[in-house]
Amino acid sequence: MEEIQSQSDNYRSSSSSASSPASRVPSSNFFYLRKPGSLRQPISFEDSPEWEDTDVDVRVEEGGDSINIATTPVSPSLSKLNSGSLPSPPLPEGATVVRKIAGASIVWKDLTVTIKGKRKYSERVVKSSNGYALPGTITVIMGPAKSGKSTLLRALAGRLPQSAKMYGEVFVNGAKSSMPYGSYGFVKREINLIGSLTVREFLYYSALLQLPGFFCQKKSVVEDAIHAMSLGDYANRLIGGHCYMKGLPNGERRRVSIARELVTRPHVLFIDEPLYHLDSVSALLMMVTLKKLASTGCTLIFTIYQSSTEVFGLFDRICLLSNGNTLFFGETLSCLQHFSNAGFPCPIMQSPSDHFLRAINTDFDRIIAMCKNWQDDNGDFSSVNMDTAVAIRTLEATYRSSADAAAVENMILRLTEKEGPLLKSKGKAGSATRIAVLTWRSLLIMSREWKYYWLRLILSIIFTLSVGTAFSGLGHSLSSVVTRVAAIFVFVSFTALLSIAGVPAIMKEVKIYASEESNQHLGALVFLVGQLLSSIPFLFLISISSSLVFYFLIGLRDEFSLLMYFVLNFFMCLLVNEGLMLVVVSLWQDVYWSTLTLVSVQVIMMLSAGYFRIRNALPKPVWTYPISYIAFHTYSIQGLLENEYLGTSFAVGQVRTISGYQALRSAYDISMDNNSKWENLLVLFLMAVGYRILVFVLLYFRVGKKEFLYKIFKCNRDTNNAR
């Protein structure tokens with residue numbers, strides 16, 4: 001305690017000199033506290049250096065030395081922002097008015113979260129946290145990196161991973177119950193939007209996936225969400241961000257991701273770092289928008305790393321974390337008073353959030369250690385001359401014995417002594433409806449993303465023209481058989497290899513699915529069926545255009561039934577290849593590793609397809625069993641050759657003829673059965689179905705948070721993601 005007291009006194013002296021009005025000119029609009037004294041009076045200042053007083057009501061609690069200060073701010077703009085009474089701009093004609101939302105109270109008591117890391121023991125990420133969030137208010141969870149902010153947010157929303165365990169109690173409207181679907185929204189830090197859709201289209205399709213009822217009834221919900229997040233000027237603009245399309249700014253993209261959760265009109269909204277990667281202007285606009293949303297009655301809880309002074313003034317309550325410990329919970333201005341009581345008053349020219357993080361972030365110790373002998377013009381490098389660990393212990397001990405902690409416990413008792421109305425589920429759209437919506441949305445995306453779809457079609461046609469012209473004029477003699485086998489092998493194998501260009505598009509689909517599945521907008525089966533139905537027209541367009549060009553340039557048999565089989569066989573080959581790409585992308589969820597894996601698998605399948613060495617002559621272990629039976633190239637090429645050569649004959653000399661099967665024996669291994677080509681087509685169909693069943697399993701285990709299968713390929717990063 002003597003060490004803490006001495007370092008605290010040292011800090012008071014340095015902080016008072018750093019915060020002296022004579023040495024620094026105030027330049028923002030907020031309330032700061034002078035250094036600790038007999039009467040800690042708040043200071044209000046405007047952009048001018050003129051100081052003005054505020055009315056102060058000082059009340060000393062009995063049995064303690066904490067002082068609660070109620071201030072009446074001079075600045076009308078800030079007070080209106082804090083009270084949620086900032087006048088809204090006049091609405092244009094025909095604009096919708098945001099409806100009031102019945103919020104819900106959230107209370108957490110003695111909440112502890114442990115996460116099993118790479119070692120056998122579990123790490124306590126959140127430790128005995130207490131707090132509450134009320135309707136119509138903004139509750140902020142603040143702290144440095146890896147302090148447990150996002151873990152606490154996920155615990156309150158019921159979004160913890162399987163490796164995490166939660167102890168303690170969470171109350172919703174005074175009852176120990178989980179929040180049903182549609183009663184709350186959760187916005188992740190990562191933004192996964194569909195760039196080829198406009199803002200209004202994106203929100204409309206999201207509403208169709210989430211809400212039951214008729215399509216026309218959901219337009220008003222979308223317009224309400226657009227107005228609530230102030231997206232009216234961007235409603236008809238493409239979200240963009242890829243395919244060389246100019247995208248929306250980061251602030252607007254973040255607001256679109258929040259608006260997606262507002263279409264269900266949730267009672268509680270959880271947001272993981274809404275100000276992530278936003279500049280000061282965009283961050284302030286975001287906070288004013290969220291403040292307006294909270295004024296409708298919605299309960300807002302979100303995490304934040306740090307903020308500007310103006311943004312900090314819009315918070316209602318703050319939960320300050322460091323290494324999982326709660327250093328403060330209460331009103332925003334009371335947090336400033338708490339730091340002052342503990343011996344860490346906020347300097348006048350410093351943002352409150354910067355000051356808080358400076359005092360509790362252990363990373364600053366390394367900076368001070370590197371610069372301990374360096375001094376600037378104003379003196380020491382750091383105005384906080386106390387070890388961070390000591391500061392954290394001081395703040396935690398001060399909070400536990402403060403009136404703020406007692407007030408939180410009293411409020412928790414009041415909020416949990418009587419159960420309020422239970423939140424009800426708002427229903428879901430039917431599976432058939434979601435499949436239809438997802439299929440139509442995917443078709444619309446394919447029609448607009450030329451880089452991933454139309455360019456792939458153009459490349460396939462160009463490649464087919466190249467192969468066709470290189471192998472044209474073969475004729476129908478016996479000497480053309482081997483060359484025609486080579487042409488078919490090159491056509492099938494390298495067209496499948498070119499399909500890897502669609503990996504980024506499939507990756508985007510999987511990420512959008514993961515985002516929507518985490519919020520229960522759709523399931524793995526709905527995604528797979530919708531993706532299959534939407535990909536069939538595109539793959540059929542590639543197959544029929546490429547097949548027609550190749551078929552006639554090579555000079556294959558001029559029969560309509562044989563041509564239709566060729567098109568159908570190649571279409572099934574593309575469908576199997578698309579399923580293989582889905583499997584690999586779902587497994588890795590990374591463009592680089594997915595592309596590398598697909599190229600390797602395709603090359604191995606090409607080697608075992610029976611062209612470079614006849615299938616029967618391949619080494620039995622590995623190459624024949626199982627690779628040659630797994631390679632879809634084998635069945636596609638074998639079916640196409642049987643379609644072309646079975647039932648034909650070639651003249652040898654003047655009197656002798658041989659069948660097409662005999663002519664192919666030395667070049668490729670095929671069956672003499674006339675029905676063999678249909679058996680190969682059936683095998684391709686079964687492989688297409690099998691790959692999608694495997695995708696369903698991977699999506700279920702990978703995205704459904706059952707991670708034991710995924711750990712085989714990637715390390716568990718839950719501990720590293722705990723912030």
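Let me begin with helix 22, where 14 of the 14 residues are buried, so that this helix is largely enclosed by the rest of the structure. Please keep in mind throughout that what we are looking at is a predicted model. Helix 22 covers residues 632–645, and its 14 residues reach 20 Å from the first C-alpha to the last, which is close to the 20 Å expected at 1.5 Å a residue. Just after helix 22 comes Gly647, whose phi is positive, at about 90 degrees.

From there I would like to turn to the charged pairs. How many salt bridges does a search of the whole structure find? The search gives 12, and I will take three of them in turn, bearing in mind that, in general, side chains of opposite charge can pair when their charged atoms come close.

Glu252 and Arg255 form a salt bridge through their side chains, with an N to O distance of 2.3 Å. Both residues belong to helix 6, residues 250–262, and because they are 3 residues apart there, about one helical turn separates them. As a general point, an α-helix has 3.6 residues a turn, so residues three or four places apart point the same way. Are these two partners buried or exposed? Glu252 has a relative accessibility of 7% and so counts as buried, given that the cut-off is under 20%, and Arg255, at 3%, counts as buried too.

The second pair, Glu201 with Arg448, has its side chains meeting in a salt bridge at 2.8 Å, N to O. Glu201 sits in helix 4, residues 199–210, while Arg448 sits in helix 14, residues 431–448, and the pair therefore ties together parts that lie 247 residues apart in sequence. Here Glu201 counts as partly exposed at 22% relative accessibility, and Arg448 likewise counts as partly exposed, at 30%.

Glu169 is partly exposed, with 27% relative accessibility, whereas Lys176, with a relative accessible area of 57%, is exposed.

Finally, let me move to the surface, where a nonpolar patch has about 890 Å² of accessible area together, its members including Leu525, Leu682, Phe685, Phe696 and Tyr700. Which helix gives the most to this patch? That is helix 24, residues 676–702, which contributes 9 residues. Val689, also one of the patch residues, is found in helix 24 and counts as partly exposed at 35% relative accessibility.

Notes: Residues are numbered from 1 along each chain as its sequence is written. This is a predicted model: local features need pLDDT of at least 70, side-chain atom pairs count only at pLDDT 80 or more; totals for chains, interfaces and linings use all residues. Side-chain values use heavy atoms; hydrogens and water are left out. A salt bridge is a side-chain nitrogen of Lys or Arg within 4 Å of a carboxyl oxygen of Asp or Glu. Buried means under 20% relative accessible area, exposed over 50%, partly exposed in between (1.4 Å probe, protein chains only). Helices (H or I, at least four residues) and strands (E, at least two) are DSSP runs, numbered from the N terminus. The expected span of a helix is 1.5 Å times one less than its number of residues. Patches are made of residues with over 30% relative accessible area and no salt bridge: like charges are joined within 9 Å, nonpolar side chains (Val, Leu, Ile, Met, Phe, Trp, Tyr) within 5 Å. Accessible areas come from the Shrake-Rupley method with a 1.4 Å probe; for residues, only the protein chains shown count as cover.
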